Amino acid sequence: MWLVLGCLGADAADSTVVKAQYDAITKEYDHNTRRRETAVRAKPDEVVAKIVALAEQHPKDPATEEALLWLQERFSRMKGMEKAGALLASHFPVSKEYADLVAAHHEAQQNYFTETRQAKNGDEQIAAWEKFQGTGKAFVELARKHPRHPAALRSLVFVTQRFHQLVNNELVDMLGRDFIDRPQLAAVCPVLAYSVSSRAEVFLRAVLARSPHREVKGQAALTLGQLLLHEVNLTALSSADAKHLESIYGREAVAQVRARDAAHARAEGEKFLELAAGEYADVEFWSGTVGGRAKAELFELRELAVGKVAPEIEGEDVDGVKFKLSDYRGKVVVIDFWGDW
Amino acid sequence: MYPHERSLVKRLAGKPFALLGVNSDPKERLRQVMKKENITWRSWWDGGDTGGPIATRWNVQGWPTVYVLDHKGVIRFKGPREEALDKAVDQLLAEMRQD
C-alpha cells in the first residue's frame with residue numbers, strides 16, 4: 001500500500017514540478033511586463049531557450065502545451081521558435097493550428113501597418129482595417145470547431161485582447177459555458193467593461209459566483225461595476241452616436257443594451273464597485289489594484305457627476321505659477337484634459 | 001481641436017468665461033505646442049504623463065476629456081465637443097445673465 005501511494009505521489013508531483021518550472025519563467029515575465037519593470041525582465045531569447053529546453057525534456061506534459069502556446073503568443077517570430085513550433089506540431093496538433101493563426105495574425109498586423117501608411121485615402125484605410133479584423137474571425141472559428149480544448153480558450157482570450165468588435169454574445173457564451181473556472185478569465189473580464197453585449201453581464205455574474213480564483217472574481221466585480229455604468233451612459237446616447245455604435249456592433253446588440261433600466265443598472269453598478277473596492281481591493285489591476293480603480297470610479301460617480309460642485313483643482317502652470325479652479329468661481333469654466341498626441 | 005478652442009476663446013473674450021487645460025505632456029513639449037498652436041489659455045501642468053495627480057483624481061481614462069462648469073462651480077456637462085461645447089457654454093452664460 002505504501003509503495004503504491006508513493007508511486008502515485010511521485011507521478012503527480014512530477015507533473016506539478018514541471019508546471020512550476022514553467023510558471024516560474026512565464027509568471028515572472030508577465031508580472032514584470034505588466035509592471036513595466038523592463039530592467040529586471042528576462043530577455044525574450046533567453047525565455048524562449050529556457051522553455052524550449054524544458055519542453056524537450058517533457059514533450060507530452062500538459063504544462064508543456066500551455067507553455068509553448070504562451071511562447072507563441074509573445075514571440076512567434078523570434079529566433080529559436082521553430083523548435084517550439086515543431087514540438088507543438090508533433091504532440092499537440094490543435095494547439096499548432098492555434099499557433100499558426102497567431103503567427104498569421106502577427107504577419108497580418110505588419111501588413112495592416114504598411115497598408116495604413118501607404119493608403120491614399122480614408123476608404124483605403126478602412127479597407128485595410130476591415131481586412132485585418134477578418135483575421136480575428138479565424139480564431140472564433142477554431143474555438144467553435146474544438147469546444148473545451150485549451151486552444152479554444154486561448155483563441156477566445158486572444159480575440160478579446162485584440163478584436164474588441166468581435167466580442168459578442170456568442171463569444172462570451174462560449175467562455176461562460178466551457179471555461180468559467182479558468183484563471184485566464186482575469187484577462188478577459190477587463191475587456192468587457194466597455195463591450196456592447198447583453199450577455200456580458202450574465203457572464204461576469206457567473207464568473208463572480210463560480211470562479212475558484214480570487215483574482216478573477218476581483219476583476220469580475222470591478223468590470224461588472226464599470227460595464228453597468230457604461231450601459232447607463234449608452235442608454236443616454238444621442239441617436240447619431242447610437243447609429244455609429246450600431247455600425248460597429250450591430251443594431252440588435254446596441255438596441256438590447258440600450259433598452260435596460262438605467263436607474264437599476266446604476267444602483268447595481270455602484271454595488272459591484274463597492275464590492276471591488278472592499279473585498280477585492282488588493283487584487284492586481286494593470287499597474288495598480290482593483291480597489292484603486294474601483295474607488296476612482298466611485299469618486300467619479302459620486303463627486304464628478306452633473307449637478308455636483310466640482311472638486312478643487314490646485315496646481316501649477318508650465319512656468320510654475322500656482323493657480324486653482326476656485327479662482328475662476330463666477331465664470332463659466334471649461335476644463336479640458338488634453339495632451340499633444 | 002486647437003482651432004475650435006482658439007475660436008471659442010476668441011469669441012468669448014471679455015465674457016465671464018474661462019477655458020482651463022489640464023495637460024499631460026512633458027514640460028518642454030507643452031511649451032513648444034503652446035507657442036506653435038498659439039494657445040493663450042492656461043493649463044495646469046499635470047506631471048508630464050497621463051498618470052498625473054489631477055487626471056488620476058478626476059478618473060480621466062481618455063483624452064481629451066471635457067467638463068463644463070457653471071458660474072457657481074457646478075458640473076453641468078461632461079464630454080461635449082465642437083458645436084455641442086459651444087452650445088453648452090452659451091446656455092450657461094445665458095443662465096448667468098438671468099441670475
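These legends describe close-up views of a predicted model. Local features need pLDDT of at least 70 and side-chain atom pairs count only at pLDDT 80 or more, while totals for chains, interfaces and linings use all residues. Residues are numbered from 1 along each chain as its sequence is written, and chains are lettered from A and ligands numbered from 1 in the order in which they are written.

**View 1. Strand 1 of chain B is largely enclosed by the rest of the structure.** Strand 1 spans residues 17-23, and six of its seven residues are buried. Buried means that 20 or more other C-beta atoms, placed from the backbone, lie within 10 Å of the residue's own. Strands are DSSP runs of E, at least two residues long, and helices are runs of H or I, at least four; both are numbered from the N terminus.

**View 2. Strand 5 of chain A runs parallel to strand 1 of chain B.** Strands pair if DSSP finds at least two bridges between them. Asp336(A) has Gly21(B) as its bridge partner. Phe337(A) stands opposite Val22(B).

**View 3. Strand 1 of chain B also pairs with strand 2 of chain B.** Strand 2 covers residues 42-45. Four bridges link the two in the parallel sense. Here Gly21(B) is partnered by Ser43(B).

**View 4. Chain A meets chain B.** Contact means C-beta atoms, placed from the backbone, within 7 Å. By that rule, 30 residues of chain A touch 45 residues of chain B. Strand 5 of chain A gives the largest share of chain A's side, seven residues.

Key: Buried ≥ 20, exposed ≤ 12 C-beta atoms within 10 Å, placed from the backbone. Contact = placed C-beta atoms within 7 Å.
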